[in-house]
Amino acid sequence: MTECRYDSGALSFDILAEPKSIRTIELIGGGVGALQHENVTLGLAMDAQDLSYYLDLFVNQIRRNPTDVELFDIAQSNSEHSRHWFFKGRLVIDGVQMSRHLFEMVSGTLEDVRFGWNSFDEV
């Protein structure tokens with residue numbers, strides 16, 4: 001989320017800010033250290049598996065260096081918040097696999113609790 005503080009009521013929607021230039025991140029020459037640096041600098045929240053995967057993707061498969069915009073977009077797209085499929089994964093609590101995944105458990109509350117249209121009339 002991007003936030004901009006205004007000291008008075010907004011007179012226009014112009015933020016009076018110049019966009020930063022897009023930077024190319026030197027992964028081919030800099031390796032995992034360069035990606036780790038950007039991970040911290042940009043606040044990407046990539047774990048070791050993410051770092052390894054994206055380093056391989058850009059260096060060995062795509063064979064080009066990413067931009068800071070691409071890395072930020074990847075991090076946002078892969079965040080747990082954006083991974084709706086994440087909630088349909090296998091759920092294990094104290095070593096016991098649950099029969100339903102988290103999404104089924106949450107949406108199942110609608111099935112577990114039912115109120116009739118006139119439920120308050122009967123009280």
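**View 1. Overall arrangement of the predicted model.** Read along the sequence, the protein follows the pattern α-α-α-β-β-α, and this description, like those below, rests on a predicted model. The secondary structure comes to four helices and two strands. Of the 123 residues of the protein, 20% count as buried, and the accessible surface comes to about 10500 Å², with 56% of that area belonging to carbon and sulfur atoms. Among the contacts in the protein with a separation of 6 or more, 45% are accounted for by residues 24 or more positions apart.

View 2. At the N-terminal end, α1 is capped by Glu26, a side-chain oxygen of which lies 2.7 Å from the backbone nitrogen of Gly29. Beyond the helix comes Gly43, whose phi is positive, near 65°.

**View 3. The buried residues of α1 and the helices they meet.** Leu27, Ala34, Leu35, Glu38 and Asn39 are the buried residues of α1, and they pack against α2 (48–62) and α3 (68–77). Leaving out residues up to four places away in sequence, Leu27 touches Ala34 and Leu35, together with Leu55, Phe58, Val59, Asn65 and Pro66.

**View 4. The largest nonpolar core.** This core has 14 residues, and those with the most contacts inside it are Leu27, Leu35, Met46, Tyr54, Phe58 and Leu71. The elements that give two or more residues to the core are α1, α2 and α3, and α2 gives the most, with five residues.

**View 5. The surroundings of Glu38.** Glu38 has its place in helix α1 and counts as buried because its relative accessible area, 6%, falls under the 20% cut-off. When neighbours within four places in sequence are left aside, Glu38 is in contact with Arg23, Ile25, Gly43, Leu44 and Leu71; of these, Gly43 is the residue with positive phi that follows α1, while Leu71 is among the residues with the most contacts inside the largest nonpolar core. Between Glu38 and Asp68 the C-alpha to C-alpha distance is 7.9 Å, although the two residues are 30 residues apart in sequence.

**View 6. The surroundings of Asn39.** Asn39 also lies in helix α1, and this residue is buried because its relative accessible area of 12% is under 20%. Not counting residues up to four places away in sequence, Asn39 touches Leu44, Ala45, Met46 and Leu51. Leu44 is also listed among the contacts of Glu38, and Met46 is one of the residues with the most contacts inside the largest nonpolar core.

Technical notes
Residues numbered from 1 in each chain as written. Predicted model: local features only at pLDDT ≥ 70, side-chain atom pairs only at ≥ 80, totals over all residues. Heavy atoms only, no water. Buried < 20%, exposed > 50% of the residue type's maximum accessible area, 1.4 Å probe, protein only. Contact = heavy atoms within 4.5 Å. Polar contact = N/O pair within 3.5 Å; in protein donor to acceptor, adjacent residues only side chain to side chain. Areas by Shrake-Rupley, 256 points an atom, 1.4 Å probe, with all protein chains shown as cover. Core = buried A, V, L, I, M, F, W, Y, C linked by side-chain atoms within 4.5 Å.
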